[in-house]
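Trainee: Please take a close look at one part of this model with me. I am new to it.

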Amino acid sequence: MHFGKKLASVDETATGVRVTFADGTMAEGDVLIGADGGHSVVRQLLLPHFGFVSADLCGAMGRTPLTERFRRLVYGRGTMVKGPHLNLMLGRMEFANAPGPLGLPPTSSYVRWVLLMPPDHPAAQPTAVMPDVRKVVLELIDGWHEDLTDLIKQSDAFNSAIGSPVLLDQPVTAWDAERITMLGDAAHLTIASGGNGANTALRDAEQLTQRLTNDDDVVASLRAYQTEMLEYGNEAVEFAKENQKNFVPESAPAKAL
Ligand SMILES: Cc1cc2nc3c(=O)[nH]c(=O)nc-3n(C[C@H](O)[C@H](O)[C@H](O)COP(=O)(O)OP(=O)(O)OC[C@H]3O[C@@H](n4cnc5c(N)ncnc54)[C@H](O)[C@@H]3O)c2cc1C
């Protein structure tokens, strides 16, 4: 396992694949599994005509270390605070074991907050990247309970722009390469509020592992995986789009002239 390598290009040969990384180094293997997320380089190589559309879901996101005071804000694992044309979603990520192994960075337990607003909200218009999005969030929730405003003030990680995530502009279709496949968001980009992106990525990994370990013919294994995965993967994207409707706050009524 090599960390810190950035995939740049892939060549499929009769018997395997050869990849080139951004640092100029190369590697060869029997197959390539693109698990490189929503902006997958592998997908761009397999399906270059695919583009993105806005998910019409605008908001700002951040993370605050978990304290006893903030733990009380989140019943179970997640809760949603509804305000006028704004929803503040809180998720409690409490680690039973510190995420140290596998080279993951040490992270203490935290509350993840996402302030969602309708895409036509004045604050949701495309803006320049801000150094600290918390200022805008605090302005929007001015007057809310101080447990919530303090939660935002004390965040140690936050994004730097309010904007909408993207979706693929069409359902993913079969590709020609025989020894290259994809899993997770690379193959079926879902939106965060769908709540099923990581679950579907894990399902892919499990299916693919089964196929590759039970069949010596890797090309046939990848083909069977692709057929199955595209069906439930595209269904997962549609499910996520439907689920999003439960979270997007209502637009403000149009003002009478
Ligand atoms: C706020 C939020 C809440 C969410 N909540 C849920 C939830 O409750 N349930 C759920 O199931 N899903 C949830 N999701 C979605 C879930 O996070 C994603 O679907 C999931 O992370 C996809 O996994 P992945 O491995 O396919 O891609 P990623 O997690 O995006 O991993 C891709 C990896 O590839 C690397 N990479 C990218 N390009 C290259 C390259 N050129 N070379 C080498 N490496 C590269 C990236 O650095 C990254 O490490 C949520 C997402 C967000 C943002």
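Mentor: Helix α5 (residues 197–214) contributes most to the shell around the ligand, with 4 residues. Helices here are DSSP runs of H or I, at least four residues long, and strands are runs of E, at least two long, numbered from the N terminus. The model is predicted: local features need pLDDT of at least 70, side-chain atom pairs count only at pLDDT 80 or more, and totals for chains, interfaces and linings use all residues. Numbering starts from 1 along each chain as its sequence is written.

The ligand has 19 residues around it, and Gly-37, Gly-184, Ala-192, Gly-197 and Ala-198 come nearest. A residue is near a molecule if its C-beta atom, placed from the backbone, lies within 6 Å of it. The shell divides into 9 nonpolar, 7 polar and 3 charged residues. Nonpolar covers Ala, Val, Leu, Ile, Met, Phe, Trp, Tyr, Cys and Pro; charged covers Asp, Glu, Lys and Arg; the others, Gly among them, are polar.

Now the wider chain. It has 6 helices and 12 strands. Of its 257 residues, 27% count as buried. Buried means 20 or more other C-beta atoms within 10 Å of a residue's own, exposed means 12 or fewer, and partly exposed lies in between, with C-beta atoms placed from the backbone.

Helix α4 (residues 146–153) shows both kinds. Leu-148, Leu-151 and Ile-152 are buried. Seen down the axis of α4, its buried residues fall within an arc of 95°, so they line one face of the helix. That arc is taken from the directions from the helix axis to the C-beta atoms. On the other side of α4, Glu-146, Asp-147 and Lys-153 are exposed.
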